[in-house]
Amino acid sequence: MFDDHDSANFVFDFDEVANHLLEQGLDSSPSQLHGCLCGVLAAGAPAQAEAGLALLQQALDINLHGELAGQILQLYMVSAAALEDEEFDFHPLLPDDEVEIDSRTGELARWCQGFLAGFAQVNQRQVSQDSSEILSDMGAIAEASVDEDADEEESEGSYTEIVEYLRFAVLNLFMDSRADGTRADEPQVH
């Protein structure tokens, strides 16, 4: 995920974030954390990084600290900016394409699980029919696995299509929450 924020380019390295999670003894993945952050944003949470960190910690029942907490604060701000970007430059934080398709598919599923947890943490309203269908699709993606009978090219093609669908689905959910005027001024605690 690339984006400009405060005149600096931030690149979030999947493996670096994963190592910080292991150092803190957490079972979460970078994909799950990013999905959760995007879920709270898409449900209408404020773009203030501290609110995002608090909502993430509540949704996933984890406690982040140190350098990892700082990275997550930056990731939240960059994600908020990417979701608002008119160039549609939002991308989920997933492993590089060189990683085995099974692992990438598992992380895609965890991203969706995190998104759904974050969205549920903030959302307090009935969603539109389109948003409901997107959330249902994400629930199905959260259970995704690689078809053992499919060849590698077919699996890669399916993965790419799902990631691209997910990019625009999240943007649609984000825009729907803004169009309804439901953007929260204060983070909601459950």
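Colleague: Which residues does E107 touch, leaving out those up to four places away in sequence?

Modeller: Bear in mind that this is a predicted model, where local features need pLDDT of at least 70, side-chain atom pairs count only at pLDDT 80 or more, and totals for chains, interfaces and linings use all residues. Numbering starts from 1 along each chain as its sequence is written, and side-chain values use heavy atoms, with hydrogens and water left out. E107 is found in helix α5; helices are DSSP runs of H or I with at least four residues, strands are runs of E with at least two, and both are numbered from the N terminus. Taking contact as heavy atoms within 4.5 Å, E107 touches F14, S29, S31, L94 and P95.

Colleague: Is E107 buried or exposed?

Modeller: Buried means under 20% relative accessible area, exposed means over 50%, and partly exposed is in between, with a 1.4 Å probe and protein chains only. E107 has a relative accessible area of 14%, so the label is buried.

Colleague: How far apart in space are E107 and S29, C-alpha to C-alpha?

Modeller: S29 is one of the residues that E107 touches. In sequence the two are 78 residues apart. From C-alpha to C-alpha, though, E107 and S29 are separated by 7.6 Å.

Colleague: Zooming out, in what order do the elements of the protein chain run from the N terminus?

Modeller: The secondary structure comes to seven helices and two strands. From the N terminus on, the order is β-β-α-α-α-α-α-α-α.

Colleague: Let's do the rings. Why is the pair of F90 and W111 called tilted, and what is the angle between the planes?

Modeller: A pair of aromatic rings is described by the distance of the centres and the angle of the planes. Rings of Phe, Tyr and Trp (its six-membered ring) pair if their centres lie within 6.5 Å; planes under 30 degrees apart count as stacked, over 60 as edge-to-face and the rest as tilted. F90 and W111 form a tilted pair because their centres are 6.3 Å apart and their planes are at 55°.

Colleague: How far apart in sequence are the parts that this pair ties together?

Modeller: Both F90 and W111 are buried. F90 lies in the loop between α4 (66–84) and α5 (101–122), while W111 is in helix α5. The pair therefore ties together parts whose separation in sequence is 21 residues.

Colleague: And which residues do ring pairs link into a cluster?

Modeller: There are four aromatic pairs in the structure. F115 and F119 form a stacked one, at 6.0 Å centre to centre with 20° between the planes; being four residues apart in helix α5, they are separated by about one helical turn. F115 is buried at 0% relative accessible area, and F119 is buried at 5%. The cluster linked by ring pairs consists of F90, W111, F115 and F119.

Colleague: Which ring does the charged end of R104 sit over?

Modeller: A charge sits over a ring if NZ of Lys or CZ of Arg is within 6 Å of the ring centre and within 35 degrees of the ring normal. Here the charged end of R104 is 4.9 Å from the centre, and the ring belongs to Y159.

Colleague: Which residues does S155 touch, again leaving out those up to four places away in sequence?

Modeller: S155 lies in helix α7. At 10% relative accessibility, S155 counts as buried. Its contacts are I101, V146, D147 and A150.

Colleague: Last one: where does D61 lie?

Modeller: D61 has a phi near 50°, a positive value in a residue other than glycine. With a relative accessible area of 70%, D61 is exposed. Its place is in the loop between α3 (49–60) and α4.
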